[in-house]
Amino acid sequence: MNNRLLGIFLGTGLLFCLTIFLTSYANNVRLPGNDEGYEPVQPVAYSHRLHAGELGLACLHCHSDAGRSRNAGIPTLQTCMDCHKFVTAPILDIRAEDERATAAKEKPRRIVSAELRKLYAAAGLDDDLRPVQPDGTGAGAQSIGWVRVHALPDFVYFNHGAHVSAGVECQTCHGAIETMERVRQVSDLSMGWCVNCHRGANATGVGGSAVAAPTDCAGCHY
Amino acid sequence: MKNDHSGGGGAGPAVGGPRPSPGFNRRSFLKAAGFTLAGAMVAGCDRRKVERAIPYLVKPEEVIPGTPTWYASTCGGCEAACGILIKNRDGRPIKIEGNPGHPLSGGGLCATGQAMVLSLYDSHRLRKPLLRGAETAWEEIDRVVTGRLTGLSGGEKGVRILTGSSPGPTTLAAVEAFLARFPDGKHVTVDALSASAISDAHEACYGRRFVPHYRFDRAKVIASFDADFLGTWLSPVEFTRAYRAGRSIDGTTPSMSHHVQFESRMSLTGSNADRRVVTRPDEQYRLLLRLTALVDRRAGRSPVTPDPGPDPAHEDELRRLAAALHARRGEGLVVCGSNHLPSQLLVAYLNHALGNTGAAADLASASGCRRGSDAAAAELLRELDGGGVGLLIVCDANPAYDWPGEGTFAAAISKADLSVVFASHANETSSVADIVLPRAHPLEEWDDAQPVPDLASVRQPAITPFGETRSLMSCLYRWAGDPVTDLEAIRRHWRANLYPRRATAAGTFDTFWNDTVYGGFARLKPGVASPGTFNGSAMNRCGGPGPRTRELVLELYPTVGLLDGRHAHNPWLQELPDPVTKVVWDNYASVSPATAADLGLRQEDIVRITPGGVALELPVLIQPGQADGTVAVALGYGRMGTDRFSGVGPEWFEAVHTVEPGETVGRNAGQAREMREGAIANWVVVPRPTQTGGTRVLARTQEYDSLTMPAGLAPEDGEPRPIIQEATLAAYAVSRTAGGHGKHELFDIWPDEHQFPNHRWAMSIDLTACTGCSACVVGCQAENNIPVVGKDEVSRNREMAWLRIDRYYSGDHGDVRVSHQPMLCQHCEHAPCETVCPTLATVHNDEGLNQQVYNRCVGTRYCSNNCPYKIRRFNWFDYPRGDEMARLVLNPDVAVRERGIMEKCSFCVQRIQEGKIRAREEHRPVADGDVKTACEQSCPAQAIVFGDLRDPESRISKLQSNPRMFRVLEETGTAPSIAYMTLVRNEGGADG
């Protein structure tokens with residue numbers, strides 16, 4: 001009886017170990033809470049590679065609170081519309097339409113890409129960028145529910161402003177965002193990872209100037 | 001697995017415990033457990049829940065998500081109208097703090113004011129108008145009311161508006177304009193905590209009805225007869241701040257006012273007095289007459305009022321006081337909390353005769369607090385009973401609850417043709433009204449206030465109203481055919497009336513208005529030029545004292561926090577310990593030990609008191625320092641709707657309801673009062689109470705009252721425990737270390753001291769300044785997400801407050817002295833808690849903080865056992881937020897602790913981090929005052945100083961050399977970071 005029970009337990013344990021071993025190769029499984037490699041599909045296929053990489057927009061252009069608040073902030077729809085009320089489709093598509101129109105000797109039509117159409121719908125606008133609800137109340141506008149990529153547990157308090165003002169590059173934690181088509185979490189955001197960076201920063205400074213990065217518990221946990 | 005405690009831990013050898021059965025031994029158990037754990041980890045490896053991050057469509061310009069926005073406004077907790085700053089995070093107010101720039105209240109704010117933020121998130125608030133009990137639309141209300149109004153313009157029946165003293169200048173103007181349209185329109189002001197006799201006395205003496213603006217900072221001698229001015233009387237925050245300003249002893253010559261308190265119950269103010277004279281409330285008029293006679297004689301006049309002759313008990317005290325007041329003519333102040341006209345006439349006369357009226361009793365500047373008239377309200381009651389009122393509008397008053405006599409006002413209201421009641425919750429008055437209109441919370445509305453004539457302040461909304469609320473002014477303007485918004489009405493009134501009186505000449509109205517909204521208040525030119533001349537014939541109304549009686553007297557008093565009961569729906573205030581008795585969640589019949597012995601009463605026995613036809617059944621509390629032959633009962637309890645708190649606190653098998661379902665918190669004692677001589681008297685003669693035979697548990701947060709050691713433990717000289725240092729001013733003037741217990745011989749078992757390379761945070765608490773008002777307790781609760789646990793948990797000593805105020809009695813029964821001592825984590829340099837934590841969940845950091853790391857804590861509670869200050873709190877449960885909406889008040893910068901972990905004061909580490917980060921963003925070092933803890937910020941007396949000892953210029957560094965500094969239990973070698981400062985009392989009145 002005893003040996004049989006033990007056998008069942010050990011057998012189950014072995015099976016689990018095997019599963020861990022195999023899946024860690026197949027799917028890069030990590031401990032619970034470690035979301036390294038998380039790359040969710042976003043409601044609008046916004047490309048950081050295009051905006052931050054190719055076009056060279058500064059991170060703080062859209063994430064303008066990163067330098068002064070706990071949260072970096074997700075840009076408001078208004079920020080998107082500052083440009084996208086003029087840019088309604090990829091430039092190649094617009095150029096193609098221009099060439100087609102020139103060849104066909106007609107007025108070029110407005111080209112609206114499928115992704116930007118989602119943006120305009122969120123802003124309550126139709127393809128001609130006129131309000132869907134013409135009453136002027138802005139009714140019908142519905143903010144986009146982006147999927148959060150980087151999240152820390154509730155007992156950790158991270159402050160973007162403190163890091164940006166100390167001169168830490170966004171890429172230090174977020175990786176080469178400007179090369180990512182879809183944002184992926186490249187760091188494990190674990191405590192060890194945080195503290196190692198803090199220790200290194202205290203030893204070598206950030207951007208040539210000395211910093212006092214906390215390594216005590218109350219730096220982040222309160 | 002849970003049952004086998006000897007093996008479940010997995011670490012260390014198993015010692016003791018049940019022997020493992022031979023069939024399934026320890027070793028196999030551990031193996032199996034290990035595999036199960038591994039399995040569970042793999043099973044938990046799924047991808048995390050999808051979280052949405054939803055940005056604004058168009059961001060308001062001033063809002064930065066994750067960063068607080070502050071709005072200056074005016075407190076709506078009581079009529080005092082203190083200046084406040086509202087902290088908004090991500091669109092919702094989460095904390096209220098005092099406005100440091102405010103001329104009256106300074107940066108302080110009382111417990112009530114700070115707790116107002118919680119009442120905003122109350123799902124029991126009314127949201128829609130009710131017409132005869134049924135929800136309806138505002139258009140329907142407008143139609144019914146205006147329909148009724150057209151029938152009233154002939155003047156056959158009266159239009160009456162009944163309010164408290166809260167309405168500001170614009171609302172008053174709206175009321176006046178509205179009533180002017182009717183031949184018989186009248187505005188009646190009534191206060192539940194009435195000071196009607198003060199106004200009446202000044203009307204008799206100066207021909208103008210007003211409450212003087214008392215300025216305690218200008219008074220060198222303060223004689224208070226039952227006025228609880230530090231706790232509940234008129235404007236406690238302003239008075240506490242001023243009182244503190246008049247008692248600063250750290251200069252080269254100590255300068256400290258001398259405060260004598262005559263009172264029957266132990267009030268917060270009395271507990272702070274230099275001399276406290278215990279007297280029955282019915283004896284106070286006699287004492288005032290005697291004092292007047294003594295003062296007159298000293299001035300060489302024959303007494304203007306009857307002289308009752310030497311008082312057998314207090315003659316020496318009265319003579320001393322008369323001498324002190326006479327010697328300090330023009331620098332004294334006599335105040336009286338009794339609502340008895342002859343007493344108030346004597347007080348007005350004394351201040352006049354002593355020349356105090358130009359200084360501390362400021363007559364040129366009338367206070368806006370409690371300007372109600374009990375006589376006018378009684379007249380309204382008669383009119384209602386006579387059926388002569390066609391329309392009654394009630395706002396900011398609850399007469400059916402607190403008017404003397406059971407049910408008198410409720411019955412009268414139903415005789416009005418149409419009664420309209422504004423109420424935030426369904427209350428006693430609204431339940432008998434035809435129309436109930438939802439009242440906005442003070443954080444939701446535009447309003448204004450004018451606490452004194454030369455200061456006006458604006459209240460601005462910090463959030464969109466939750467309900468379909470409309471203010472009194474907006475309704476009145478609309479019903480008068482002038483529909484304006486509150487903001488338009490206020491701007492219009494200010495432009496016409498207040499802007500021309502502005503103190504600074506320059507600027508357009510718009511800049512004046514914008515500055516006012518930005519700063520919260522505007523200084524105006526003083527309105528009244530001359531206070532008028534004193535009419536001596538008024539003193540003829542002061543008759544001789546009545547005969548002495550030995551009858552039992554019932555005294556009714558307001559409590560700090562709940563006041564007249566308008567905040568009864570606020571669980572923070574219900575669970576705020578009374579500053580003196582430390583009881584929560586109840587009112588009780590407080591009696592002196594001698595009276596209890598006389599009547600054969602024991603603590604917590606339920607007694608039945610029957611004042612004038614009202615029956616009160618309350619548990620007994622034996623209170624040292626109370627006058628014999630008196631019973632004191634708190635007002636503000638027994639409010640309708642407080643049965644909602646029956647389920648407050650955790651649910652478990654031994655849980656006891658905070659109140660039985662269907663019952664209210666405490667009992668309503670307001671109706672036990674009676675109208676006497678044109679005012680609501682705060683005491684009545686009652687027959688001997690009878691015991692019902694039952695008992696009721698009183699939950700108290702402190703059950704040890706004395707600093708004197710128990711006889712068996714005391715050393716031979718009977719020295720009290722050296723937890724508080726006390727000294728008299730006379731002794732202090734001789735030696736600045738007076739009262740000190742001497743330096744302890746300290747030795748250190750720790751070879752390597754902590755290093756503090758950048759900051760070292762420390763705090764000092766001045767016990768001379770601290771009044772025990774408990775503002776810091778609620779400030780801490782709001783800042784640090786401290787849950788409400790309910791009466792049962794408190795009675796099991798499981799309250800969660802990080803900051804408590806210990807109150808100790810000393811002296812004998814006749815002369816009980818009280819010391820208040822805020823007690824919170826001392827952040828010991830050699831912390832006993834740190835050495836015993838097996839998981840290193842409580843550790844020291846390099847800034848002097850004793851950190852509590854929630855995610856490491858496993859809840860052994862060793863730290864709490866080893867803490868000599870008993871300031872650690874254990875989460876026995878996941879405490880439910882009584883109200884679903886109450887979660888919205890949580891501070892997002894502080895973790896909500898879960899069941900099974902320890903917590904304690906963190907020195908507001910979130911504020912320290914914020915201060916450091918702000919300094920870093922601005923590329924400057926952290927300056928003194930950048931980091932203020934919540935308790936320090938809220939303290940009206942500025943008793944708490946927090947700062948960095950590494951900064952030699954900081955206030956806290958400079959205080960280190962103060963000879964009054966001492967540390968609690970210093971001899972145990974814990975080296976606390978909190979230093980207290982000796983409590984100095986000016987007992988002799990020997991002021992330097």
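**Exercise 1.** In this predicted model, which residues of H9(B) meet which residues of H11(B)?

*Solution.* Take H9(B) to start. B:Gln284, B:Tyr285, B:Leu288, B:Leu289, B:Thr292, B:Val295 and B:Asp296 make the contact from this helix. On H11(B), their counterparts are B:Pro342, B:Ser343, B:Leu346, B:Tyr349, B:Leu350 and B:Ala353. Nine are nonpolar, three are polar and one is charged.

**Exercise 2.** Work out how H9(B) and H11(B) are oriented to each other.

*Solution.* Locate the helices: H9 spans residues 284–298 of chain B, and H11 spans residues 341–353 of chain B. Their axes lie 10 Å apart, at an angle of about 25°. Angles under 35 degrees count as roughly parallel. H9(B) and H11(B) are therefore roughly parallel to each other. Last, the hand: their crossing is left-handed.

**Exercise 3.** Describe the side of chain B that touches chain A.

*Solution.* Count the residues. Chain B has 45 in contact with 48 of chain A. Next, find the elements. Helix H2 (26–43), strand E1 (52–53) and helix H25 (909–921) of chain B each give two or more residues to this side. H2(B) gives the most, with eight residues. Then classify. On the chain B side, 24 residues are nonpolar, twelve are polar and nine are charged.

**Exercise 4.** In what sense do E1 of chain A and E1(B) pair, and over how many bridges?

*Solution.* The chain A strand covers residues 146–147. Its pairing with E1(B) is antiparallel, over two bridges. For one partner, look at A:Val147: this residue bridges to B:Arg52 in E1(B).

Terms used
Residues numbered from 1 in each chain as written. Chains lettered and ligands numbered in written order. Predicted model: local features only at pLDDT ≥ 70, side-chain atom pairs only at ≥ 80, totals over all residues. Axes fitted to C-alpha atoms, helices over the stretch in contact; angles between N-to-C directions. Helix = DSSP H or I, 4+ residues; strand = E, 2+ residues; numbered from the N terminus. Parallel < 35°, antiparallel > 145°, perpendicular 65-115°, else oblique. Left-handed = near helix turned anticlockwise from the far one by under 90°. Contact = placed C-beta atoms within 7 Å. Nonpolar A, V, L, I, M, F, W, Y, C, P; charged D, E, K, R; others polar. Pairing = 2+ DSSP bridges.
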